Amino acid sequence: MKAPIRVAVTGAAGQIGYSLLFRIASGAMFGPDQPVILQLIEAPIEKALKALEGVAMELDDCAFPLLKGIVQTSDASTGFKDANWCLLIGAKPRGPGMERADLLKDNGKIFIEQGRIIDAVAADDARVAVVGNPANTNCMIAASQAKRLPAERFTAMVRLDQNRAQTQLAKKAGVDLTAVKDIFIYGNHSPTMFPAYGHATINGQPAAKVINDDTWLQGPFCETVGKRGAAIIAARGLSSAASAANALVDHVRSLVTPGAIHSVAVKSHGLYGFDANVWAGMPVKTTTPGSYEVITGYAMDAFAQAKIAATNKELVEERAFVADMIK
Ligand code: NAD
Ligand code: LMR
């Protein structure tokens, strides 16, 4: 039996937390032979902490063989102590009529504090995955506080967008989901994101050739993927939760699986025209568990370049908006 790893989860009693924790404890995230200790962090609010007690009781009642311990706390230093993975979900969700960037001033503060504490107390091999919105810029904020942990260890989730794009392409082409490969998300987890259909394949053929409808690909396809979160809020009255938790399972599972190729928002070093030091979605290949390299060399046509320029501009603006905060 492997030694347990410590997985810290913020917002553990929230919507996403409730869909996520049971899958981590069942082995879906780190594999069927990897025991885990869950370190559950909630805001210091009586109602949230009471709800967390209930979640921990339910985790106990599942009798998961891989679950070797549960920590419940509102103290981030306790929650992140020796954590190997820090899953940062706890943040306000947006409501109808809001953009994710509207959350920046409120949620940004959380990530300053948590970035600093993770850097101080988490395990030497700690990895951080940010889900709380706006995820890319919150990830940049958390990474800005790290002196010990390299910035590349901080990633933000665009996997939900990749999964959404894969399904939309499969539906349009009338093929099984598994026939669609290599659809990657560039840029911000916001309506400006670019699902780069030009490199996707369907049954090994270029997706654009199979679908043969550039007007749909450039218009309704990009728009549906980019605005799917808002469509879910309009339908459910609440933001996506089960699909977000599922995407985080995929995000981390792919990051611990050498050879996996997937979309992750990572620190830009200028590739694909992104400004250095924004966190932008890009295709990566996992090298060793928890580490990755950005896949380079995908050619971008004029449409793709314009989309990337627009999403980069938004990321740069979000960074400017929080410049005072990360000084
Ligand atoms: P929720 O309101 O149901 O749960 C959030 C939880 O976080 C609450 O229980 C709250 O008490 C807790 N919390 C708040 N501040 C905290 C802090 N400082 N430390 C620890 N816990 C804290 O919200 P949700 O639906 O679970 O969504 C959480 C976040 O994830 C939102 O910002 C949402 O917009 C975002 N989200 C991102 C994606 C994505 O693809 N990146 C997808 C869905 C949702
Ligand atoms: C999503 O994409 O579903 C989430 O980011 C939630 C939201 O606010 O759209």
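## Ligand 2: polar contacts

A polar side-chain atom of Arg164 lies 2.7 Å from an oxygen atom of ligand 2 in this predicted model, a pair that falls under the heading of polar contact (N or O atoms within 3.5 Å). Arg94 places a polar side-chain atom 2.6 Å from an oxygen atom of ligand 2, and an N or O atom in the side chain of Ser240 is 2.7 Å from an oxygen atom of this ligand. Taken alone, ligand 2 exposes 260 Å², of which the protein buries 94%, with accessible areas computed by the Shrake-Rupley method with a 1.4 Å probe.

The model is predicted, with local features requiring pLDDT of at least 70 and side-chain atom pairs counted only at pLDDT 80 or more, whereas totals for chains, interfaces and linings use all residues. Residues are numbered from 1 along each chain as its sequence is written, chains are lettered from A and ligands numbered from 1 in the order in which they are written, and side-chain values use heavy atoms, without hydrogens and water.

## Ligand 2: shell

## Ligand 1: contacts and shell

Ligand 1 is surrounded by 27 residues, the closest being Gln15, Glu42, Lys92, Val131 and Asn133. An N or O atom in the side chain of Gln15 is 2.8 Å from an oxygen atom of ligand 1, and a polar backbone atom of Lys92 is 2.8 Å from an oxygen atom of the ligand, while a polar side-chain atom of Gln114 lies 3.3 Å from a nitrogen atom of ligand 1. Taken alone, ligand 1 exposes 860 Å², and the protein buries 85% of that.

The shell around ligand 1 comprises 14 nonpolar, 11 polar and 2 charged residues. Helix 1 (15-26) and helix 4 (104-121) each contribute at least two residues to this shell, which also draws at least three residues from each of domain 1 (5-156) and domain 2 (159-323).

Methods. Near = heavy atom within 4 Å. Polar contact = N/O pair within 3.5 Å; in protein donor to acceptor, adjacent residues only side chain to side chain. Helix = DSSP H or I, 4+ residues; strand = E, 2+ residues; numbered from the N terminus. Nonpolar A, V, L, I, M, F, W, Y, C, P; charged D, E, K, R; others polar. Domains from an automatic or database assignment.
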